[in-house]
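This briefing covers the cavities and the aromatic contacts of one structure. Keep the sequence and the 3D view at hand while reading.

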Amino acid sequence: MLRIENLTKSYGSKKAVDDLNLHILPGEIYGFIGHNGAGKTTTLKAAAGIHDFNEGDIYINGVSIKKDPMLCKKNIAYIPDNPDLYDFMTGIGYLNFIADIYQVSKEEREEKIAKYADMFEITKDLAQPLKSYSHGMKQKIALISAFIHNPKLIMLDEPFVGLDPKASFLLKETMREFCNDGGAIFFSTHVLEVAEKLCDKIAIISGGKLKAAGTIDEVKGDESLIEVFLELDKAKEDEANA
Amino acid sequence: MLKTLLKCRFAEMFFGLKKSFRGSKNNEDKMSKGRIALLAFLGIYLVVVFGALFALMFMEMGDTLSNPDFVDAFGGKPLLWIAVSIEGLMALMLSFVGSVFMTQTQIYNAQDNDFLLSLPIKPAYILLSRMVLVFSMNGMFSYFVAIFAGVGLLISDCEITLVGVIFYVVLNLLLPFFSMAATLLLAWVISVLTRKMKRKNIISLILTIGFFLVYFYACFNLNNYIEKLLENLTGIGESISGYMYPIYKFGVAIANHDIASFFITIGFFTIPFVIVVYILSKTYFFIVKTSNNIVKVKYVKKEMKTTSPVWALVKKDLSRLFASSMYLLNTMSGILMEILLVLAVVMKIDQIDQIKEILQGFPLAVIMTLLLVLIGSMNMVTASIISVEGKNLWLMKSVPLKAKDIFQAKLLTGLVITMPVSLISLIAFAFVLEFSVVDTILGLILLSAATLFFNYFGFKVNLTHARFDYENEVLAAKQSMSCFIAMFGSMGFSLLIAAVVVVPYFLFDWATLTLTQCLVSVILIGFCYLLRTLIYKDADEKMKALG
């Protein structure tokens with residue numbers, strides 16, 4: 001579903017992502033773990049077609065994002081860590097706008113909005129302007145907008161930040177349901193417990209380089225995930241000091 | 001504490017200005033030499049042109065009013081006060097217009113209000129620090145007029161004394177308090193009235209436009225006031241008091257060294273300010289805390305309407321425009337002026353014959369078309385339409401739309417806003433002023449071509465000078481390099497259009513106005529095609545490079 005090959009992205013002389021390779025299959029929930037500034041958001045933005053990159057390529061469902069970005073973008077949904085939505089729109093106005101952009105039929109958008117808005121308990125607030133929404137409410141609207149157009153791959157940057165416990169639980173359930181139906185999810189997180197319990201596979205990135213990737217068991221072995229993470233992080237610091 | 005707040009306010013203002021005129025890339029910290037040269041040129045151009053304009057105007061006025069024949073014709077009384085009064089009036093009006101847009105944003109809608117109110121700082125200090133910034137904006141415009149008008153009067157034949165100069169300086173220093181009282185009052189009225197309203201933006205837009213209508217009505221009648229001043233020179237005290245008493249006193253105090261008038265003027269300039277500040281300080285905390293309260297609207301499920309992606313983008317950009325009255329007024333001042341011009345023509349229809357006489361057979365249709373072209377150049381919708389995406393740019397970049405479609409939607413937004421009002425205004429003139437069908441059609445073609453051109457030009461400039469780190473869209477429309485270039489560029493082009501239409505008509509026998517209008521229309525359409533090609537060329541790469 002998502003294949004990242006030798007991805008390198010630099011900001012000036014600094015390499016934010018350095019020769020990264022990842023492969024995410026349909027049905028997988030793939031967690032992307034790393035400290036602040038490790039290169040997670042850059043990778044996600046490059047895969048979403050927001051950022052250009054210097055080397056390598058990214059394939060969505062076998063299609064290169066460099067060669068046919070429109071087809072790739074039709075098949076994905078991306079939600080940034082801080083969902084800056086159009087504050088001047090109402091919740092329902094925003095969802096309708098996204099449905100128009102992805103040309104979702106009237107019946108389908110009505111059905112999807114009703115389903116997910118009820119699920120996230122936000123239906124009564126849909127007529128409110130987005131500027132009155134809390135971070136969590138905006139996150140819920142962003143999530144509904146991601147599900148509205150039947151993407152094959154959903155990329156989420158820190159999706160659980162700001163969500164209440166019930167909404168977090170529902171999101172995890174929905175993510176699993178989406179992947180059981182053949183979709184794939186690639187998301188970044190700082191919460192290792194979430195990654196451990198929810199993900200089929202994880203990748204750990206540090207200093208723009210992929211440090212480990214695979215199933216949870218493959219990555220952590222006999223150790224806990226936090227121990228593996230700290231070890232890799234320490235190795236990075238040692239490398240930097242050397 | 002107040003000192004720290006003031007330092008923050010000024011740092012914020014200068015940082016905002018610096019940011020606005022820096023390069024279009026985020027990592028471009030320093031301005032290029034070319035940019036500095038351009039800014040220096042524009043700055044000097046503004047100061048020299050407008051400064052010279054004021055200085056020459058008041059020098060001329062001073063010479064006329066001190067001419068013994070002129071003075072004798074009006075009963076031998078000194079007339080310098082008229083020039084000083086007009087200076088005061090101009091300073092007042094300019095400072096009002098220059099600061100009215102920022103007052104509401106600065107005082108009530110500042111983004112750090114919540115943060116500052118959570119700190120152990122007296123609300124009065126927060127208010128005062130914001131007012132200093134508003135005052136500096138009022139003062140900048142007002143002092144500009146005062147300095148150059150003062151220079152003009154000094155080098156004129158008027159007899160100026162040291163006392164006159166001192167009075168002039170003192171009263172002009174205090175004058176911004178009067179215009180500030182008006183802008184603060186407007187901001188306060190809007191905030192109080194819209195505090196609990198559902199359609200807050202529309203109400204505040206209507207109130208602002210209403211206030212402007214009154215303001216422009218006063219401006220349009222300025223000539224009448226001056227005529228009345230001249231007509232009633234003999235019985236001045238009673239006849240003027242009904243019109244512009246404070247400004248009359250301002251003129252008399254300075255020109256005639258009238259101590260009583262001097263103190264009365266000080267009272268006029270400062271007392272309204274003190275009263276307004278008192279009201280504001282008493283209600284500031286309450287209004288700020290409640291003005292962001294959103295009136296709860298219950299969602300009622302309705303049948304959803306679908307539209308194409310491009311029109312969805314147009315609708316989105318239109319919603320953004322109409323969501324903020326200040327953003328709307330900053331980008332669409334031309335439209336407002338066009339509507340006011342139509343109203344003014346309808347109201348003054350009885351004077352049209354006199355204007356036709358002055359024109360000596362030159363078609364009024366051409367004049368009105370060129371006037372609408374000039375006013376249309378003041379619309380800045382496309383000059384900031386990319387920049388206002390700001391923090392939402394990620395959305396435009398992640399949706400499956402070609403950059404060409406996104407650009408097309410933004411250009412369409414500009415046209416949807418500006419074209420109908422311009423064309424309807426011309427059609428209204430055609431009916432009221434009885435233009436011929438041919439003149440009307442030619443005018444409509446030229447106006448359409450010019451409007452299209454201004455939209456393309458603004459968009460191209462914004463595409464080259466887009467910035468996305470504005471705190472709100474009002475700043476993107478006010479303090480941006482692209483709006484600055486588009487505004488002066490469009491105005492320059494509109495004057496060039498007028499020159500190419502009119503000048504050959506007077507210089508060459510072969511040149512008819514029909515021919516020149518057609519020629520200019522064709523040239524403009526050619527330029528539009530060129531700009532369109534430049535905008536759409538490598539559009540996807542340009543889109544990726546934004547932000």
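The second largest cavity of this predicted model has a volume of about 60 Å³. Its lining residues divide into three nonpolar, seven polar and no charged. The structure as a whole holds six cavities of 30 Å³ or more.

**Second largest cavity**

- The lining of the second largest cavity includes G376(B), N379(B), M380(B), V381(B) and T382(B), and T418(B), S422(B), T451(B), F454(B) and N455(B) also belong to it.
- Helix α19(B) gives the most, with three residues.

**Largest cavity**

- At least two lining residues each come from β6, α3 and α5 (135-147) of chain A and from α17 (393-398) of chain B.
- The largest share of this lining, four residues, is supplied by β6(A).
- By class, the lining of the largest cavity has 14 nonpolar, three polar and no charged residues.

**Aromatic pairs**

- Over all chains, a search of the whole structure finds 29 aromatic pairs.
- One of them joins Y86(A) and F97(A) in an edge-to-face arrangement, with 5.7 Å centre to centre and 80° between the planes.
- Y86(A) lies in the loop between β6 (76-79) and α3 (91-101) of chain A, while F97(A) lies in helix α3 of that chain, so the pair ties together parts that are eleven residues apart in sequence.
- Y86(A) has 0% relative accessibility and counts as buried; F97(A), with a relative accessible area of 3%, is buried.
- In chain B, F453(B) and F457(B) form a stacked pair, 6.1 Å centre to centre with 10° between the planes.
- Both of these residues lie in helix α19 (residues 437-464) of chain B, four residues apart, which is about one turn of the helix.
- F453(B) and F457(B) are both buried.
- F453(B), F454(B), F457(B), F493(B) and F527(B) form one aromatic cluster, and F454(B) is also among the residues that line the second largest cavity.

**Charges over rings**

- R3(A) lies over the face of Y59(A), at 4.6 Å from the ring centre.
- K172(A) lies over the face of F160(A), and here the value is 5.6 Å from the ring centre.

Notes: Residues are numbered from 1 along each chain as its sequence is written. Chains are lettered from A and ligands numbered from 1 in the order in which they are written. This is a predicted model: local features need pLDDT of at least 70, side-chain atom pairs count only at pLDDT 80 or more; totals for chains, interfaces and linings use all residues. Side-chain values use heavy atoms; hydrogens and water are left out. Rings of Phe, Tyr and Trp (its six-membered ring) pair if their centres lie within 6.5 Å; planes under 30 degrees apart count as stacked, over 60 as edge-to-face and the rest as tilted. Buried means under 20% relative accessible area, exposed over 50%, partly exposed in between (1.4 Å probe, protein chains only). A charge sits over a ring if NZ of Lys or CZ of Arg is within 6 Å of the ring centre and within 35 degrees of the ring normal. On a 1 Å grid over the protein atoms alone, a cavity is a set of points where a 1.4 Å probe fits but cannot get out, and a pocket is an open set with protein on both sides within 12 Å along at least five of seven lines; lining residues have an atom within 4 Å of a point. Grid points are joined across faces, edges and corners, and a volume is the space filled by probe spheres set on the points. Ala, Val, Leu, Ile, Met, Phe, Trp, Tyr, Cys and Pro count as nonpolar, Asp, Glu, Lys and Arg as charged, and the others, Gly among them, as polar.
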